[in-house]
Amino acid sequence: MRLARRAARSIAVLCAAVVLPLAASVAHAESAPLATANDAASDLKFSQFFKSPIGPAGLELSDALRAADGRPVRLVGYMVAQEQAKPGRFWLTPRPVRMSEHADGEADDLPAAAVTVLLDPSQQERLVAHRDGLVVLTGTLSIGRVEDETGRVSWIRLQLPPGALEAQSASAAAQPDGNGHGHGHRH
């Protein structure tokens, strides 16, 4: 009996020595910020937006797109050329698109994989000039039905952080185009 009590006390001391530091490290881990690797943007491609092949229910959001919801992502696409740009936003698509809102109205040529790109709230009044060619944007992705003040519905949005467009412009201007010139220069 005495031996059993000593063994029980030894086990209790041993457990306390292991469990208390473990509990402290778990509490510390929960209060610590997430690792920077989790904050890094993931590359997401337009081809990953919908399940393929398209089934009887029509287009369905893919698991990859759903997994990216609320996370930082990097998208490469074409900025939609608009006749009447809206302040604080523009569209990004997998192929070049030119919209003639005045002539076409609601019958536009936006593909299903169009992303509404939203500027930082501090830039809501800013009109973004169209850029030819591919652009690379990094921001926080959100999915779900959202209707804007004009009645247009978006399903996929990319919220840009402050200064994202300026950084992208500077990067594009600094890269040579093969002729020794930056992309940002016209000849």
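**Close-ups around strand 8**

**View 1. The hairpin of strand 7 and strand 8.** Five residues sit between the strands of this hairpin, and Gly151 there has a positive phi near 100°. Strand 7 covers 134–147 and strand 8 covers residues 153–159; strands here are DSSP E runs of at least two residues, numbered from the N terminus, while helices are H or I runs of at least four. This is a predicted model, where local features need pLDDT of at least 70 and side-chain atom pairs pLDDT 80 or more, while totals for chains, interfaces and linings use all residues. Numbering starts from 1 along each chain as its sequence is written, and side-chain values use heavy atoms, with hydrogens and water left out.

**View 2. Partners of strand 8.** Strand 7 and strand 8 pair antiparallel over six bridges (pairing takes at least two DSSP bridges). Strand 6 runs parallel to strand 8, joined by three bridges. Gln159 is the bridge partner of Thr140 and also of Leu118.

**View 3. The largest nonpolar core.** Of its 26 residues, Phe49, Val115, Leu137 and Leu141 touch the most other members. Such a core is a set of buried Ala, Val, Leu, Ile, Met, Phe, Trp, Tyr and Cys residues joined through side-chain atoms within 4.5 Å, with buried meaning under 20% relative accessible area (1.4 Å probe, protein chains only). Strand 7 gives the most, four residues.

**View 4. Around Leu141.** Leaving aside neighbours within four places in sequence, Leu141 is in contact (heavy atoms within 4.5 Å) with residues including Leu44, Leu65, Val73, Ile156 and Leu158.

Technical notes: Buried < 20%, exposed > 50% of the residue type's maximum accessible area, 1.4 Å probe, protein only.
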